[in-house]
Amino acid sequence: MIAMKQQARHYKTQLAVIGTGLAGFAASIFALDRGITTSQVGNTGAVAYTTGYLDLLGSDTGNLINDPWKGLDALRRDEPDHPYARITNDEVRAAFERFTSGLSDMGIGYTEPGDRNLMALLPSGVAKPTLSVPRTMVAGIDAYKAGSRALIINFVGVQGFSAKELLANFKSSWPQITTTTLAFPDMESGAPVYAEVMARALEVPATREKLAESIKHVLGDAECVGLPAVLGIHNPDAVHKEMQKLIGVPLFEIPTLPPSVPGIRLREMFEQVLPTQGLTLVPQQKAQRIELDATGVKIHLEDSFGDVMIEAHAAILATGRFLSGGLGTDQDTVRETLMDIVVSQPANRADWHRQDYFDPRGHPINRSGLQIDECFRPLNADGTPVSERVFAAGTVLAHHDWVRQRCGAGVAIASAYKAVEAASKVPK
Amino acid sequence: MTTIDPPETKIYETEALIIGGGVTGVGLMRDMALRGIHCLLIDSKDLNAGASGSNHGLLHSGGRYATTDWETAAECRIEGDILKQTAAECIDPCGGLFVAVEGDEPDFIANFAEHCTKAGIDCQALSPAEAREVEPTLSEKVIAAYALPDATIDPFHITLSNVKHAQQLNDSVYLPHTEIIEFDINDGVITSVLCHDNRTHHTVRIRAKQIINAAGAWAMKVSRLAGCTDVDLLYAKGTLIVSNSRISNGVVNRLRVPGDGDILVPGGTVSLLGTTSDKVDNLDDIHPTVEEVDHILAEGMPMLPCLKDTRFIRAFSGVRPLLQAADAGSDARKASRGFRLFDHQDQGLQNFATLVGGKLTTYRLMAEKTGDLIAQRLGNDQPCKTATEPLPSAGAVRWTEPGFAPRHWYKKNDPTDMILCECEMVPQSAVDEIVESAPGAEQHMTLRAIALRSRIGKGACQGSFCAARVTSHLYDRDVYGHGEGREHMRDFVSERFKGVRPVLWGKQMPQMELAEALHCGLMGLDLTPDDDTENDDEAG
């Protein structure tokens, strides 16, 4: 028998980023910007669950926020423990701008963060505030704002997306919607078709031409066309531009149920582009153990080729919450899963969730997480940093509610920015 | 005295009005329809909204009552045998064990077999090793075990089948969300009943020759509305938890005086562990709590240590209406589990009756006794037929059985029949059939109504994906046409959450986080829609 296991791989790096969600990739982008050698590890993560919209701050106990920057000022006053309370507006803006321009440079065009939130379309037929959106979705935001005559297209065999649902729910605020259902080229049988499969098919020019042709047949007097987010995986802006040219009117995507194409796009792009910019990426694997000593951190994991060890001066925990596995629970307690760092949490399980699912205050468990100092170092129960070399970023942080406050992307990006800044000062 | 009904009043006429769409009411509906009596069934919510929809689905062998109440035990045995013959499709004859562990009361164990024999129940002693061969998840500390012919029954399947059969027999009618406002009484006769449609807000007036109150926990309230003071009920809240997969082959009972956390009942692909029993005064807002769940688990573990690492996906609570017995005191478990039929003659009413108490296993017998009274009052000489007439259970009423939908889907082998609920593999054809022809389909169907008639939302994801998919499907089918689909989705997932909340830990936490990301992040269900002008329109 030949041993299939290769020799253990051992990477030495200045910074280790643990986690491959938005916060982890944002940290790697910011670290590479600073010329810091970086390794990143993490399992698949929750990126594929995103709509593609990048929220900064969209909601305050159920009330929609129009000016997120003013909202941040108010938040620092009302919630002094919120991660945003440790970051200035200028820093948030700089981080957000760098991140969205980075996405655009790497291949997925995003709008520049502005002074006001955009009202972005959701597939349930409501609009929600967000700060930056993929360029492929901009025409929908404009059309909603202007109340333009929009034709929303459904595809035969698509589940969990209904153009008629959009129409019915937008009816009074956007009466000029019409809908139609088309068979996607070469997927006409009526069997289920998946957004990701359609998106990959649309990277082929012939598919685009066939689809554009059938859209043109039903266009009528529509001023713009919306469809589920399927306009390509690797070069969505080019697919979008060409389809738009073929159809002759503005075209926009609407997010769908996960696994959603805008999320898959981001993940695949990060995984493909960042290694060419110097990142050592060990994707699809979860860090199993971390060791700390006076000179650095050692992260241990294992993939199908054998053991991996990353030795770094500093590490950023961007491990996410329950879905990504950064936090775990048993019948009584919330725990941080990698280092068993103390987690700020409600006293009893009975207090984890409120009685009413849609209570506008959100559920207390969603504000559990790691407590940090000004340098984004997670803290022990006595308020001292766990280590001079360990930092935390993203949804694993305590005292924010990424879903209800609509601040997930903003907290991920801004806290990654701050954590990288602090980590860059760790002595080598 | 005459009142002029407002123009939107709907008027119905029938021979017998039945109040309450639990298994008692629907059993009576079919019993009387088989005698040729036309029935109108109403419920303030929907079918099985009370105790009939929140029990463990146990078809008692009688063993559970053998020690404390041998007459009830014998009644269970006889009725269980009848149902196994006439409603086989709703029943899983899985068998059951009664097991004692170290520390359980020796006298109870020693006398159990004799009590069963007295009630005529087949009871076979097993060694602890034999018991663990039957149920490998049993504790090593089992000291005594008996095998009994316990079985399980799908309470939704049986209820839907009874209604459907009554509708087919003589066009008897079922009206959901129709709540009694007042009885018009003239000279000892209820001349008509005024109701409110809780969804359309229309007024409904029903004229019936006979009125039967089968409102379960609400029966005392309804009888008082009719001026009767003879119905006196105790309310006992019971909570159960549902596991993600089936833990045992058959029913597992603790061999001791009935108490909390002492029974595990399989339900197709899942298991149900229960129960608690706590006296409550208020029937509104009954939901399971974290404390109850932890208590049931702690009580169940000595018998089934595997519960410690079992993934639970949901809990639910119901209220048992128990007849107040003079010596019961405050202990709800000691109150009578038997049933009682009030003819209300001594209350001065000639065409009103109340049927309360009893249990799922004896619902047919309860209907028979009540049907006899009503038939006699109506001058109908037809005998009860339910002891021999098989209960048809095909078509739109069979989607509640765990495991049925996937079997059906594989057999049908139609790739265009898309799966809307992946956990339970419910295809769109099931949803279409339910919306088209399940009992209650005459009305606009909410997501909750569809879920009650199927397995939708009952799997591990607890409605994260299927709520959105079914809603989209119904918009596409033009069943929904305004903002009502969104409201139904909000209502459905809110209701689901009440059951999910107390079992959220371990593997269910990521599921919950994903659900909230979808419901709030992607669907924006926590946001007020800017389109709220159409939301009151229920026309669909």
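This is a predicted model: local features need pLDDT of at least 70, side-chain atom pairs count only at pLDDT 80 or more; totals for chains, interfaces and linings use all residues.

Colleague: Start with the contact between the chains. How many residues does it take from chain A and from chain B?
Modeller: It takes 43 residues from chain A and 45 residues from chain B.

Colleague: Which helices of chain B each supply at least two residues to the side that touches chain A?
Modeller: Helix H8 (290–300), helix H13 (466–476), helix H14 (484–500) and helix H15 (508–522) of chain B.

Colleague: Which one gives the most?
Modeller: H15(B), with nine residues.

Colleague: And how do the residues on that side of chain B divide by class?
Modeller: There are 21 nonpolar, twelve polar and twelve charged residues.

Colleague: Which residues make the contact?
Modeller: From H5(A), Lys164(A), Glu165(A) and Ala168(A). From H13(B), Thr471(B), Ser472(B), Tyr475(B) and Asp476(B). By class, that contact has two nonpolar, two polar and three charged residues.

Colleague: Now a pair inside chain A. How do H1(A) and H10(A) pack?
Modeller: Their axes are 8 Å apart, at an angle of about 40°. That angle makes H1(A) oblique to H10(A). H1(A) passes H10(A) in a right-handed crossing.

Colleague: What touches what there?
Modeller: H1(A) brings residues including Leu22(A), Ala26(A) and Phe30(A). H10(A) brings residues including Ile413(A), Tyr417(A) and Val420(A).

Colleague: How many nonpolar, polar and charged residues does that contact have?
Modeller: It has 13 nonpolar, one polar and no charged residues.

Colleague: New topic: H9(B). How far does it reach?
Modeller: H9(B) runs over residues 363–378 and has 16 residues. From first C-alpha to last it reaches 22 Å, close to the 22 Å expected.

Colleague: Which of its residues are buried?
Modeller: Among them are Tyr363(B), Arg364(B), Glu368(B) and Ile374(B).

Colleague: What covers them?
Modeller: The cover for the buried residues of H9(B) includes helix H1 (23–34), helix H3 (70–86) and strand E12 (203–213) of chain B. Strands E1 (10–19), E19 (339–342) and E20 (352–357) of chain B are also included.

Colleague: And what follows H9(B)?
Modeller: Gly379(B). Its phi is positive, near 75°.

Note on methods. Residues are numbered from 1 along each chain as its sequence is written. Chains are lettered from A and ligands numbered from 1 in the order in which they are written. Two residues are in contact if their C-beta atoms, placed from the backbone, lie within 7 Å. Helices (H or I, at least four residues) and strands (E, at least two) are DSSP runs, numbered from the N terminus. Ala, Val, Leu, Ile, Met, Phe, Trp, Tyr, Cys and Pro count as nonpolar, Asp, Glu, Lys and Arg as charged, and the others, Gly among them, as polar. Axes are lines fitted to C-alpha atoms, for helices over the stretch in contact, and angles run from 0 to 180 degrees between N-to-C directions. Angles under 35 degrees count as roughly parallel, over 145 as roughly antiparallel, 65 to 115 as roughly perpendicular and the rest as oblique. A crossing is left-handed if the near helix is turned anticlockwise from the far one by less than a right angle, and right-handed if clockwise. The expected span of a helix is 1.5 Å times one less than its number of residues. A residue is buried if 20 or more other C-beta atoms lie within 10 Å of its own, exposed if 12 or fewer, and partly exposed in between; C-beta atoms are placed from the backbone.
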